[in-house]
Number of protein chains: 4
Amino acid sequence: MSSNSFGKLFTVTTFGESHGPAIGCVIDGCPPGLAIGAEEFRSDLDRRATGRSRYTSQRHEADEVEILSGVYEGRTTGTPIALLIRNTDQRSKDYGDIASSFRPGHADYTYWQKYGIRDPRGGGRSSARETTMRVAAAVIAKKWLAERHGVRVRGYLAQIGEVVPDAFDWDAVGQNPFFWPDAGQVPALETYINALRKSGDSVGARVSVVADGVPPGWGEPIYGKLDGDLASALMSINAVKGVEIGDGFAAVVQHGSEHRDEMSMDGFASNHAGGILGGISSGQPVTASIVLKPTSSILIPGHSVNLAGEPTEVVTKGRHDPCVGIRATPIAEAMMALVLIDHALRHRAQCGDVGVVTPRIP
Amino acid sequence: MSSNSFGKLFTVTTFGESHGPAIGCVIDGCPPGLAIGAEEFRSDLDRRATGRSRYTSQRHEADEVEILSGVYEGRTTGTPIALLIRNTDQRSKDYGDIASSFRPGHADYTYWQKYGIRDPRGGGRSSARETTMRVAAAVIAKKWLAERHGVRVRGYLAQIGEVVPDAFDWDAVGQNPFFWPDAGQVPALETYINALRKSGDSVGARVSVVADGVPPGWGEPIYGKLDGDLASALMSINAVKGVEIGDGFAAVVQHGSEHRDEMSMDGFASNHAGGILGGISSGQPVTASIVLKPTSSILIPGHSVNLAGEPTEVVTKGRHDPCVGIRATPIAEAMMALVLIDHALRHRAQCGDVGVVTPRIP
Amino acid sequence: MSSNSFGKLFTVTTFGESHGPAIGCVIDGCPPGLAIGAEEFRSDLDRRATGRSRYTSQRHEADEVEILSGVYEGRTTGTPIALLIRNTDQRSKDYGDIASSFRPGHADYTYWQKYGIRDPRGGGRSSARETTMRVAAAVIAKKWLAERHGVRVRGYLAQIGEVVPDAFDWDAVGQNPFFWPDAGQVPALETYINALRKSGDSVGARVSVVADGVPPGWGEPIYGKLDGDLASALMSINAVKGVEIGDGFAAVVQHGSEHRDEMSMDGFASNHAGGILGGISSGQPVTASIVLKPTSSILIPGHSVNLAGEPTEVVTKGRHDPCVGIRATPIAEAMMALVLIDHALRHRAQCGDVGVVTPRIP
Amino acid sequence: MSSNSFGKLFTVTTFGESHGPAIGCVIDGCPPGLAIGAEEFRSDLDRRATGRSRYTSQRHEADEVEILSGVYEGRTTGTPIALLIRNTDQRSKDYGDIASSFRPGHADYTYWQKYGIRDPRGGGRSSARETTMRVAAAVIAKKWLAERHGVRVRGYLAQIGEVVPDAFDWDAVGQNPFFWPDAGQVPALETYINALRKSGDSVGARVSVVADGVPPGWGEPIYGKLDGDLASALMSINAVKGVEIGDGFAAVVQHGSEHRDEMSMDGFASNHAGGILGGISSGQPVTASIVLKPTSSILIPGHSVNLAGEPTEVVTKGRHDPCVGIRATPIAEAMMALVLIDHALRHRAQCGDVGVVTPRIP
């Protein structure tokens, strides 16, 4: 079953294990004629990369993307685009412990139960290393969305543990290693995370993503709704335990008179809905948030069992990642971009001849 | 595009508009030999039905299910099962207002923008009437899951506005019209909802669903994860704005030492993960929660525009539904059951020969 | 698995058994705004209907199509279109023989082996009655193809037994019950078929279909080629044992200098390829032929086994159909139309912005 | 759209152009635990390879398969298996002519019309080089089918031009470069092909494939029939213009009393049906034949147009392949194996609990 493929019309199939020879993806259905070069993957891959700051984990990968197919003289041809990244930082290690016991909070036990076999090296297929290819594929998606529709997808860290931003500035997001929207808080955040690391523990986080410029009409009721597809896309990111669209869970205590976004020909009065009504984009910014659980690989020992069914203790050695949520920001952007391009194509397929419908709220 | 189909191997395709002649569904891929009769749909359809209590809206539908195909002498044959329900409560009304203006918070505007045409009668395809067929299809799914794997899927109302249960009892859930797990609070809840109705406003809600008995191994990394599929399934329910698995957004402030569920051969020490690790069931109860926005159809007028692009006011006439979240409970159960049977079949397809893997945590 | 659905973007899901209460289909992905009325199905359903002439079998069905959804005020809305036809000619019969033995050349044995249960009444799901819904769905496809692209899909009987047409005239095809392109041969054909019927035997046939007006560019390499999709679509018709595109099997003995269709700006010099190169339409007429085996239900007894594994003899009682190939003509048209509309939408999805490419051969 | 993927449960996605840096595939859904090593691809890739004999074209590729993922310690893990082959024989050439004109009988013109851009080097994506990955993927499929079900898939050249085998011997097939089943005819065949090559022309061919050991029950009515899926699979092979199941087009002139395969508990009396009834395998050998058109790249000039819309002449330089049909034999085997494993898994998904149904004809 093609469960390693994402998207119906802009279909991304990823492959590769954390410590295998390579990771890669095949993008099928990309519109032809889009200019793309291997150098364009650099920026987003760097944003996602582990080891990019001392606040996340310390694996060092060059992440050099090789375009194997689907691009001719710098333009997409409409045939499948294969991207390949060799794994280079697979230092020979003794995986004996990991191979013979199940780390709590990880997928070790469930892969073992499902398949009866697993690649234990660095988590194998369940490693977040796989998300590298999502970010790579989304570079192409983002470019098409921007060129063709003026869509821009951006994310930020909206909460880490108890800490929330006091101010919001998109410019700040790109200027600190936490994707944090409040520049003034960054020093305190560094202190917070360093203390966390020293404690040997980890903490959860919330990441938000916003797409500006999405035209009304994207999304397909009933089981291909834009919010439904965003939900699965974002939930598929490692460590994500929840997804919200617009106000999300805050709506539990809201009243209808507050939540419904009133309309006039000057625009919507608010955006509690997060830019989606009935599963279809409304023309407002599409907004989503996710929660990432605290990483389970910590310096504090945890009880588990081994392959023989005996009790054991599991502990992470060396540096650990005190908040996996931080580097989820570019991954969340990637997933939203992949959902949006897919729905742009799906909308064009069914309703290509509809054109602009009036009245259209700006 | 088959966006009105749900599930890859147990595929449910629904059709029908709120005030069209009928609603229905086609179930493709059901295992053969399952005993099923038309009378078995009654209980869950009644639980979902509008008009079942004076706390939800007042449409009265007989919801008589006709089995059109796929069942021979009381057993499924493996061919597609079509279920049909005639709409009977379509009293002739003047839909003039609804047809010419866009209700805030509804899908009127987005359907119009997407398709350039819409069926305005009762919300057309975007009406929650469609969810009747999900519940009907899930009756078959639930039965197979129970008979074949001992899986039981149950839901309850976990919060309405600011009100949360003080106690929890599964038996209570089935004995009040709110699916509320605390029998002692029911009178107060009635008072609360009546007051809400009199105010002409509505409120949000949270619904939780639990599946007991799910064996380890269901779910397909990376893009067919059990939690990813649950997320889209639950988000596809009308008015849902957020989905959580296990602890969900509470994990933002949790530490890794708290969240990761330690293991022993006596079982897991906790279930923060909600029974899913790496997208695959762990053998623990699978738990999910959703938030439903407050219904937008209220007695309080709202600003909008009409087809001519002129400002207008929209107001719901007659009785309204002060909390759409209540009747979402059986729908959420249905969606979880549909996801689970799909993954049961998917797991059997790929790993049918794996059998029970040791060590298995009870 | 959605194996009762056809098409990726214009998706038709059919349901129903030969002698169940009804047959029907759900069409998902139809472009919005297309005018369609229940009366438009009559012509093609009559062309396909059994009992329409004394040369085919004698079941009499009214085949009244009810549109259950997806159409509002006479136009498609973009939501799923459900069509329903009640089975009316299910005279109470004794199916005892059929239920307890396997007819040679039929699907009785294989359904039994696959599912462990089967609906034996009239062949159940394996009956050609199912093709009624393909023809119905294709009425909508044909109309859109004609209005939007000027595509016309037509079929004819190209051979029956040893008899081939001496002349070809599209006008003749519609004026005799055999879809035969040579009016002068019709009396002889009547004599031939009557003699065949009297002999109690049946014969094979060849049906050809041609689509004029297909623009270049439809079809998706490598596994969604136009000819590949036509092949599965046509092979899925009951009794079909072979599919050819263009010259088909005649190409075994052709030389390259003969087969390749040379080009000039005045057009292609020939159409051996059948309008498809590399899986993509060339702008020439798309041509395909199929072979239909002789019907297995004949008056001559055949050896088989019964449910108990004992030898038995199977014989068809009453009138039989001496050539099932005849009424396959409108079904083959339907399948080609369904393939073409699917690829029209798929091409628009990926390459909507390409427009007319020069040089274009007329 | 995932048109470069084949199979629903054993899903093979191929990528790569004839003269790009590499070709490859991703296999998703492979059952876990299957032993596989890189050396196992050698035999079938050699059988398919161009340049393996002087009777086919002269490209020399090492075709070294690298397993990039999905295999751990020599066994499949259930995660996607990526296979990569670097293109090594891309001698720097002047593709000026090919890039600026459209070869008759090739996909040059249609790719150009579809995408508005094309990779002209060696035919780009439309080259038969892509089929290398089908053969590679099928090595895994064949192994699983053999180990798990005792299925064996074999093909042979059944006709080349007017030449048909006088005798049939499976052993002979593997001992000559033509996959010809009559050893005595091989010298004459060499003479025939050499003469053809000298003439500068090419000829068509027929290839047959047989799968022994397929159990009854594989195949999914109505649109996932085993014969329907075989038809699209085989038609997707480059140059194929027709597909037959069992007797195929010979059935046009057959009578029902001859064609239907009578049954007894000793077996079927014949196999005109080719092992498939109603789209489901019957337990008899599954047989299919295809026709491959004569290659269009010949030494005889052909009329065409160039990018500017001017008339031009196209001629192949150097050695050409006088019959592309020969090396289609292992490719046809590969496609049948891929269809069969997909249906094995699909059958297990829906009917896994049916088991052996009685009476079963041996």
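Start with chains A and B shown together: 100 residues of chain A are in contact with 97 residues of chain B. The model on screen is a predicted one. Colour the side of chain A that touches chain B by residue type, and it divides into 40 nonpolar, 40 polar and 20 charged residues. Helix α3 of chain A, residues 108–115, supplies the largest share of that side, with 7 residues.

**Stop 1: helix α3 of chain A**

Select residues 108–115 of chain A. Is this helix enclosed or open? In α3(A), 8 of the 8 residues are buried, so the helix is largely enclosed by the rest of the structure. The buried residues include A:Tyr109, A:Tyr111, A:Trp112 and A:Tyr115. Now show chain B around the helix. The buried residues of α3(A) pack against β11 (263–264), β13 (276–277), β14 (280–281) and α9 (328–351) of chain B. Step just past the end of the helix to A:Gly116, which takes a positive phi of about 75°.

**Stop 2: a strand pair across two chains**

Stay with chains A and B and select residues 240–245 in both. These are the two β10 strands, one from chain A and one from chain B; they run antiparallel and 3 bridges join them. To find one of the pairs, pick A:Glu244, whose bridge partner in β10(B) is B:Gly242. As background, strands of a sheet pair through backbone hydrogen bonds, either parallel or antiparallel.

**Stop 3: chains A and D**

The same surface serves both copies, since 97% of the contact residues of chain A recur in chain D.

**Stop 4: the sheet in chain D**

Keep chain D and draw its strands. An open sheet of 5 strands has the order β1-β2-β3-β7-β4, with antiparallel pairing. The edge strands are β1 (5–6) and β4 (66–67) of chain D, each of which pairs on one side only. On the β4(D) side, 2 bridges join this strand to β7 (residues 81–86) of chain D, and D:Glu66 stands opposite D:Leu84 in β7(D).

**Stop 5: strand β3 in chain C**

Move to chain C and select residues 22–28. This is strand β3(C), and 6 of its 7 residues are buried. Follow its pairing with strand β2 (residues 11–15) of chain C, which is antiparallel over 5 bridges. C:Val12 stands opposite C:Ile27 in β3(C). The two strands form a hairpin with 6 residues between them, and C:Gly16 in the turn has a positive phi of about 115°. β3(C) also pairs with strand β7 (residues 81–86) of chain C, antiparallel over 6 bridges. Here C:Cys25 has C:Leu83 in β7(C) as its bridge partner.

**Stop 6: a site named in a record**

An unreviewed UniProt entry places the feature "binding site" at A:Arg48 and A:Arg54. Select A:Arg48, which is in helix α1 (residues 42–48) of chain A. Is A:Arg48 buried or exposed? It has 23 other C-beta atoms within 10 Å, so A:Arg48 is buried. Leaving aside neighbours within four places in sequence, its contacts include A:Thr131, A:Val135 and A:Arg327.

**Stop 7: backbone details**

In chain B, a cis peptide bond joins B:Pro221 and B:Ile222, with omega about 5°. B:Ile222 lies in the loop between β9 (205–212) and α7 (226–235) of chain B. Another cis bond runs from B:Thr358 to B:Pro359, with omega near -5°.

Finish at D:Ala239, where phi is near 80°, a positive value in a residue other than glycine. D:Ala239 is found in the loop between α7 (226–235) and β10 (240–245) of chain D.

Technical notes. Residues are numbered from 1 along each chain as its sequence is written. Chains are lettered from A and ligands numbered from 1 in the order in which they are written. This is a predicted model: local features need pLDDT of at least 70, side-chain atom pairs count only at pLDDT 80 or more; totals for chains, interfaces and linings use all residues. Two residues are in contact if their C-beta atoms, placed from the backbone, lie within 7 Å. Helices (H or I, at least four residues) and strands (E, at least two) are DSSP runs, numbered from the N terminus. Ala, Val, Leu, Ile, Met, Phe, Trp, Tyr, Cys and Pro count as nonpolar, Asp, Glu, Lys and Arg as charged, and the others, Gly among them, as polar. Two strands pair if DSSP finds at least two bridges between them. UniProt positions are given in the numbering used here, feature names are shortened, and annotations may be inferred rather than shown by experiment. A residue is buried if 20 or more other C-beta atoms lie within 10 Å of its own, exposed if 12 or fewer, and partly exposed in between; C-beta atoms are placed from the backbone.
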